[in-house]
Amino acid sequence: MFVSWTDDGVNWSKPQATRMGDLNPYTWWVRYHEGKFYASISYMRKHGPLGLVVSDDGVDWSRIAEIVASDPHDYSEESDLHFRPDGELLCVVRPESPGLVYWARPPYTDWQGGREVGLCDAP
């Protein structure tokens, strides 16, 4: 994954590789919330874990929490985050089938859920 940005929509910065320690994380949907970038990642492994990561600049990432541990589901970077107005964070995950939803309140370290939401092809 690489990150590039622009101030005017025409002139772009040189792409920079994302990094998280020794890893180059792969993110599917990145969300910007209250001055930080957030994403859920599975570290490119089947059967979890699925983690929540954060970045100030979109380049350097750090792990906040494990959303769900290893499980018989095939978790995927094809997940999406949704910040609710009350601060709760939802994570909709596309395993093989059906889709699952997890939730946490700030600081997003204690996750609950795993409720099925039906067929969920790339949230």
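Colleagues, I begin with a network of salt bridges that links Arg84, Asp86, Glu88 and Arg105. A salt bridge here requires a side-chain nitrogen of Lys or Arg within 4 Å of a carboxyl oxygen of Asp or Glu. The model is predicted, so local features need pLDDT of at least 70 and side-chain atom pairs count only at pLDDT 80 or more, while totals for chains, interfaces and linings use all residues. Residues are numbered from 1 along each chain as its sequence is written, and side-chain values use heavy atoms, with hydrogens and water left out.

Let me take the members of the network in turn. Arginine 84 forms a salt bridge with glutamate 88, with 3.1 Å between the closest N and O atoms. Arginine 84 is partly exposed, at a relative accessible area of 35%, whereas glutamate 88 is buried at 15%. For these words, buried means under 20% relative accessible area, exposed means over 50%, and partly exposed lies in between, with a 1.4 Å probe and protein chains only. A further salt bridge joins the side chains of aspartate 86 and arginine 105, at 3.3 Å from N to O. Aspartate 86 belongs to the loop between β7 and β8 and arginine 105 to the loop between β9 and β10 (112-118), so this pair ties together parts that are 19 residues apart in sequence. Both residues are partly exposed: aspartate 86 has 41% relative accessibility, and arginine 105 has 44%.

The salt-bridge count comes to seven. One of them pairs the side chains of aspartate 80 and arginine 31, at 2.9 Å from N to O. Because aspartate 80 lies in strand β7 and arginine 31 in strand β3, the pair ties together parts that are 49 residues apart in sequence. Aspartate 80 is buried at 16% relative accessible area, and arginine 31 is partly exposed at 27%.

I turn now to the overall fold. The protein chain has 10 strands and zero helices. These elements are DSSP runs numbered from the N terminus: helices are H or I with at least four residues, and strands are E with at least two. Of the 123 residues, 41% count as buried. The chain exposes about 7300 Å², of which carbon and sulfur atoms supply 51%; accessible areas come from the Shrake-Rupley method with a 1.4 Å probe, and for residues only the protein chains shown count as cover.

How are β7 and β8 joined? They run antiparallel and share five bridges, where pairing requires that DSSP finds at least two bridges between two strands. Histidine 82 has leucine 90 in β8 as its bridge partner. The two strands form a hairpin with five residues between them, and glycine 87 in the turn has a positive phi of about 95°. Five bridges also join β8 to β9, again antiparallel, and cysteine 91 stands opposite tyrosine 102 in β9.

The interior comes next. A nonpolar core is a set of buried Ala, Val, Leu, Ile, Met, Phe, Trp, Tyr and Cys residues joined through side-chain atoms within 4.5 Å. The largest such core has 17 residues, and those touching the most other members are Leu52, Ile67, Leu89, Cys91, Tyr102, Tyr108 and Trp111. Strands β5 (50-55), β6 (61-68), β7 (79-83), β8 (89-93) and β9 (99-104) each supply at least two residues of this core. A second, separate core of five residues includes Met20, Ile41, Val53 and Trp61. Valine 53 is placed in strand β5 and is buried at 0% relative accessibility. Between valine 53 and isoleucine 41 there are 12 positions in sequence and 7.3 Å in space, C-alpha to C-alpha.

Finally, consider threonine 27, in the loop between β2 (16-17) and β3 (31-33). Is this residue buried or exposed? Threonine 27 counts as buried, at 8% relative accessibility. Beyond its neighbours within four places in sequence, threonine 27 is in contact (heavy atoms within 4.5 Å) with Met1, Ala39 and Ile41. Methionine 1, in the segment before β1 (2-3), is partly exposed at a relative accessible area of 38%.
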